[in-house]
Amino acid sequence: MARKPTPSPSAEHRMRGFEPAFGLMKDAVRAAGESRGFAVARLLTHWAEVAGEEMARKTRPVKIAYGKGPMGATLTLLVKASEAPMVQMALPQLKERVNAVYGYAAVQHIHLTQTAATGFAEGQAEFTPAPKAKRPPDPATTARAQAVAEGVADPGLRNALEQLAQNILTRPRS
């Protein structure tokens with residue numbers, strides 16, 4: 001069976017230029033968030049802004065469960081066991097901040113699920129990932145990239161071309 005030819009993009013689509021990456025995948029992110037009960041993905045993606053820096057270091061939203069009645073949702077947070085009492089005392093303020101994101105009293109209850117800081121879930125209990133170490137560029141690759149941009153007089157353009165050449169030379173071949 002022959003494939004249907006893909007339609008050419010409209011003139012409006014071609015004139016938009018580059019789109020932000022999130023714009024291309026926002027529907028997939030929304031669907032994934034809604035499957036866990038998060039109708040507003042901002043609650044997940046901007047948790048540090050919603051809860052505050054200190055509270056975000058101690059907690060992580062896991063899911064939102066909506067009851068059958070008109071009562072409102074229950075937000076489940078993952079929290080380290082040692083931090084749970086302090087988080088429990090701050091739940092009324094946290095509930096107000098979360099409801100401010102939704103614009104109405106969507107969350108009626110916040111349920112805390114405690115986890116161990118170490119133990120069987122050792123890699124999962126840490127809430128902030130360790131920064132990735134940057135590898136220094138290969139000197140041979142750097143020299144080849146400099147050779148590509150050698151004849152360019154403008155220093156800004158030369159640096160941009162060197163960086164582009166270095167990215168092309170170091171990308172994995174499939």
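Start by selecting residues 155-170: that's helix α10, and I168 sits in it. (Helices, H or I of at least four residues, and strands, E of at least two, are DSSP runs numbered from the N terminus.) What you have open is a predicted model, where local features need pLDDT of at least 70, side-chain atom pairs count only at pLDDT 80 or more, and totals for chains, interfaces and linings use all residues. Residues are numbered from 1 along each chain as its sequence is written, and side-chain values use heavy atoms, leaving out hydrogens and water.

Now click on I168: it's partly exposed, with a relative accessible area of 37%. (Buried is under 20%, exposed over 50%, partly exposed in between, with a 1.4 Å probe and protein chains only.)

Next, pick W47. Leaving aside residues up to four places away in sequence, W47 touches R42, G52, A56, T59, R60, P61, L75, L77, L94 and V98; contact here means heavy atoms within 4.5 Å.

W47 is also among the residues with the most contacts inside the largest nonpolar core, along with L43, L75, L94, V98 and I110; this core has 23 residues. (Such a core is a set of buried Ala, Val, Leu, Ile, Met, Phe, Trp, Tyr and Cys residues joined through side-chain atoms within 4.5 Å.) Select α7 too, as it gives the largest share, five residues.

Finally, color by pLDDT, the predictor's confidence in each residue from 0 to 100. The chain's mean is 77. Over residues 119-125, pLDDT stays under 50.
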